[in-house]
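Let's take a walk through a protein model with several chains. Keep the picture open and follow along as you read.

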Amino acid sequence: MTLHIVNQSPHAGSALRDCLNAFAEGDALLLIEDGVYAAQEKAPLELPENDVFVLSADAEARGIAIAPDLTAIDDLRWVTLCVEHTPIVSWFR
Amino acid sequence: MQFTLVVYGAPHSAQGAGTALRFAKAVLASGHSIFRVFFYGDGIHNGSALATPPQDEQDLLRQWQALQQSHQLDLTVCIAAAQRRGVLSESEANRLERPAANLADGFTLAGLGQLAEATALSDRLVSFGG
Amino acid sequence: MTNSILALCRHAPYGTTFAREGLEAVLACAAMDQIPEVLFINDGVYQLLAQNPQAIAEKSLYRNLQALPMFGVERIYICQRSATERGLALSQLQLTGADVQLLEDPGSLIRRFDQVLSF
């Protein structure tokens, strides 16, 4: 199953929307960098119900409160996510 | 497990360059290995020896070099992307008759075949956008 | 066994270098017998429109894309949704010598591959 990584704010461009349009059942989503702005409770796009992860360092850096149904992870857990998934697809700009 | 990282982000310009460095450290700390870090697009600027960020900001170049030394990392800068943007090794600068070379120690200039090989042979490939 | 590779081409030509450098990487993989399949998606579908970039002093990416089949890159997909959203018909998005397929479900294509290169 695919791990999708999105690094762009949902307000700045289409990367997250494009990713979600290519999302398959059982895939996982990781929000990093400006992508974490989509992890707030009042985010503009509806995220998949399961397996949505947020890089906590990036959320903390930006002062973002992560919605309770999402999973905050550190860099080491990110590596594990990569081990658990293939392929890994980055959506940027 | 062997990871390849592809870096598109220019240092001190896009966060992707710093994120890739943090991810590389986490890969190594997890007991996995790094097959290659391939710097492509604007990411080739990570291999410039001339970056001199202010002292109170992180120095990505020094950190890549330290990681390269401690883990014998393969830090490959795409030669075609680097020539376009002006990151040259000593021999390239001579060959192309340019006034200076600026490829940092620890980095290697090589062709896109290195990306093809790394994509084909490593267990995981993660891209870091610009 | 080496990995299967998908090149995910998401960016329009000329505005950034992702399209051109993506094509160069795809051709480099093919030259080393690691032949990728290619998915044009999002603004990447614009790469397949006929182009005349002389006015901005650029090489034609579209012309260079014609090299794909010659390098053995023959499995080429276009995201149907991306084309439709942009008002493009399949007849406008063709490559000589390649079997360009419209794809309704990019997610199920992507997960077939070991590695995905994003451009």
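## First things first

Keep in mind that this is a predicted model. Everything below comes from calculations on that model.

## Chain C as a whole

Let's start with the overall build of chain C. It has five helices and five strands. If you read along the sequence, they come in the order β-α-β-α-α-β-α-β-α-β.

How does the radius of gyration of chain C fit with a compact globule? A compact globule of 119 residues would come out near 14 Å, and chain C has 13 Å, so the two agree. Laid along its principal axes, the C-alpha trace spans about 45 × 30 × 25 Å. Of the 119 residues in chain C, 47% are buried. Now take the contacts in chain C with a separation of 6 or more: 76% of them join residues 24 or more positions apart.

## Where chain C meets chain A

Chain C puts 16 residues in contact with 15 residues of chain A. On the chain C side, α5 (106-110) and β5 (115-118) each supply at least two residues. The top contributor is α5(C), with four residues. Sorted by class, this side of chain C has six nonpolar, six polar and four charged residues.

## Where chain B meets chain C

Chain C also touches chain B, and here each of the two chains brings 15 residues to the contact. On the chain B side, α3 (79-85), α5 (113-121) and β5 (124-128) each give at least two residues. Which of the elements gives the most? That's α5(B), with seven residues. The chain B side splits into nine nonpolar residues, five polar ones and one charged one.

Next, find helix α2 of chain B, residues 60-71. Its twelve residues reach 16 Å from the first C-alpha to the last, close to the 16 Å expected at 1.5 Å a residue. Just after the helix, Gln72(B) takes a positive phi of about 50 degrees.

Which residues of α2(B) are buried? They are Leu61(B), Trp64(B) and Gln68(B). Look down the axis of α2(B) and these buried residues fall within an arc of 65 degrees, so they line one face of the helix. The buried residues of α2(B) pack against α1 (15-29) and β3 (75-78) of chain B. On the other side of α2(B), you'll find Arg62(B), Gln69(B) and Ser70(B), which are exposed.

## Two residues in loops

Let's finish with a pair of loop residues. Asn52(C) sits in the loop between β2 (37-40) and α2 (61-65) of chain C. Is Asn52(C) buried or exposed? It has 10 C-beta neighbours inside 10 Å, so it counts as exposed. Tyr62(C) is ten residues away from Asn52(C) along the chain, and their C-alpha atoms are separated by 8.8 Å.

Over in chain A, Asp74(A) lies in the loop between β4 (71-73) and α3 (75-84). Asp74(A) is exposed too, because 11 other C-beta atoms lie within 10 Å and the limit for exposed is 12 or fewer. Phe53(A) is 21 residues from Asp74(A) in sequence, while in space the two are 9.8 Å apart, C-alpha to C-alpha.

Technical notes: Residues numbered from 1 in each chain as written. Chains lettered and ligands numbered in written order. Predicted model: local features only at pLDDT ≥ 70, side-chain atom pairs only at ≥ 80, totals over all residues. Contact = placed C-beta atoms within 7 Å. Nonpolar A, V, L, I, M, F, W, Y, C, P; charged D, E, K, R; others polar. Expected span 1.5 Å × (residues − 1). Buried ≥ 20, exposed ≤ 12 C-beta atoms within 10 Å, placed from the backbone. Arc of directions from axis to C-beta. Rg over C-alpha atoms; globule rule 2.2 N^0.38 Å.
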